[in-house]
Amino acid sequence: LVSRKMKPEDTVIDIKGEKFGDGNTHHIFGPCSVESYDQVAEVAKAVKQNGNKFLRGGAFKPRTSPYDFQGLGLEGLQILKKVADEYDLAVVSEIVNPADVEKALDYIDVIQIGARNMQNFELLKAAGEVDKPVLLKRGMSATISEFINAAEYIISRGNGNIILCERGIRTYEKATRNTLDISAVPILKQETHLPVMVDVTHSTGRRDLLLPAAKAALAIGADGVMAEVHPDPAVALSDAAQQMDIPTFHSFVDELETFSNRK
Ligand code: PEP
Ligand code: MN
């Protein structure tokens, strides 16, 4: 059902009036983890200031180590909702437990399914059964075909509002955290009718590569990029090495806009 052969025209997803997949770019910015009201509000203010609409933030964090910060859970979703209402932004947040999908509906505008859960079939089914857009990230060891099949799980349960997100895959290369598979973007655009975006933060894992990777994503046809922003990255409870501070974020958005207009 996600195949272009089944539906030649692009899927356009209306999220709080923003039409994802309409040919314009829509970006998602925000902290890796929700840490406090003030932290999220400071980032939301910057997102609003530079003309963006989507605020991300992890409340349920899938961490490699059980001893790392696991997220604020439901309290994190409540903070996101409060801030998003104040700044009129749409919220994107990861859900990891199928049982939390229903609970999350009141708080978020887009359900994120993370790389580690791309083949959590019960979670995919649960997300397929609700009326809420889903941002599905590519598993770090998933082929494009497996990625498309994961989206198929969601759409086959009735929910066709899916945004695909390339976030880098595991290779032998150690210079970046993952290897951004940039050619996945046009392949996914050709093979499916879904919007496709690129997460430049988790793919590169390097602050100095965020802007060039974002430019590459837009040049190759992505519908938008995701990147992490924190008021003080050095003290962030997760992903301290690659989040942008607010001044860097503003110049990132400026330069990306200039780049898009030049295209
Ligand atoms: C995230 O976006 O917060 C995240 C954990 O990313 P990924 O699932 O791609 O690792
Ligand atoms: Mn992160």
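I began with strand β5 (residues 90-94), which runs parallel to β6 and is joined to β6 by three bridges; I count two strands as paired if DSSP finds at least two bridges between them, and I take helices (H or I, at least four residues) and strands (E, at least two) as DSSP runs numbered from the N terminus. In β6, I found I111 as the bridge partner of S93. I note here that this is a predicted model, in which local features need pLDDT of at least 70 and side-chain atom pairs count only at pLDDT 80 or more, while totals for chains, interfaces and linings use all residues. Residues are numbered from 1 along each chain as its sequence is written, and chains are lettered from A and ligands numbered from 1 in the order in which they are written.

**Confidence**

I looked up the pLDDT, the predictor's confidence in each residue from 0 to 100, and noted a chain average of 97, with 100% of the residues scoring at least 70.

**Strand β6 and its other partner**

For burial I use the count of other C-beta atoms within 10 Å of a residue's own, with C-beta atoms placed from the backbone: 20 or more is buried, 12 or fewer is exposed, and in between is partly exposed. I also followed β6 to β7, with which β6 pairs in the parallel sense over three bridges, and there I saw I111 standing opposite V134.

**The barrel**

Which strands make up the closed barrel? I traced eight, in the order β3-β4-β5-β6-β7-β8-β9-β10, with parallel pairing. The twist from one strand to the next averages 25°, where axes are lines fitted to C-alpha atoms, for helices over the stretch in contact, and angles run from 0 to 180 degrees between N-to-C directions. I looked next at strand β3 (residues 28-30) and strand β10 (residues 224-228), which run parallel and are joined by three bridges; A227 in β10 is the bridge partner of F29.

I read β7 and β8 as paired in the parallel sense over four bridges, and I noted L164 in β8 as the bridge partner of L136. From β8, I saw I162, L164 and E166 pointing one way and I163 and C165 the other way, all buried. Five of the five residues of β8 are buried, so I describe β8 as largely enclosed by the rest of the structure. Helix α5 (residues 144-156) lies across β7 (134-137) and β8 (162-166), and I recorded about 160° for its direction relative to β8.

**Ligand 1**

I listed the residues that surround ligand 1 as C32, G58, P62, E94, G114, A115, R116, K137, R167, D199 and H202, where a residue is near a molecule or strand if its C-beta atom, placed from the backbone, lies within 6 Å of it. By class, I find three nonpolar, three polar and five charged residues in this shell; Ala, Val, Leu, Ile, Met, Phe, Trp, Tyr, Cys and Pro count as nonpolar, Asp, Glu, Lys and Arg as charged, and the others, Gly among them, as polar.

**Positive phi values**

I checked K16, which has a positive phi of about 50° although it is not a glycine, and placed K16 in the loop between β1 (13-15) and β2 (18-20). K16 is partly exposed, with 13 other C-beta atoms within 10 Å. I also checked D88, a residue other than glycine with a positive phi near 55°, in the loop between α2 (74-87) and β5. With 11 C-beta neighbours inside 10 Å, D88 counts as exposed.

Leaving aside neighbours within four places in sequence, I found K81 in contact with V91 and Y107, a contact being two C-beta atoms, placed from the backbone, within 7 Å. The C-alpha atoms of K81 and V91 are separated by 7.2 Å, with the two residues 10 apart along the chain.

I then turned to G73, in the loop between β4 (54-56) and α2, which counts as partly exposed with 14 C-beta neighbours inside 10 Å. G73 is in contact with A59 and F60, again leaving aside neighbours within four places in sequence.
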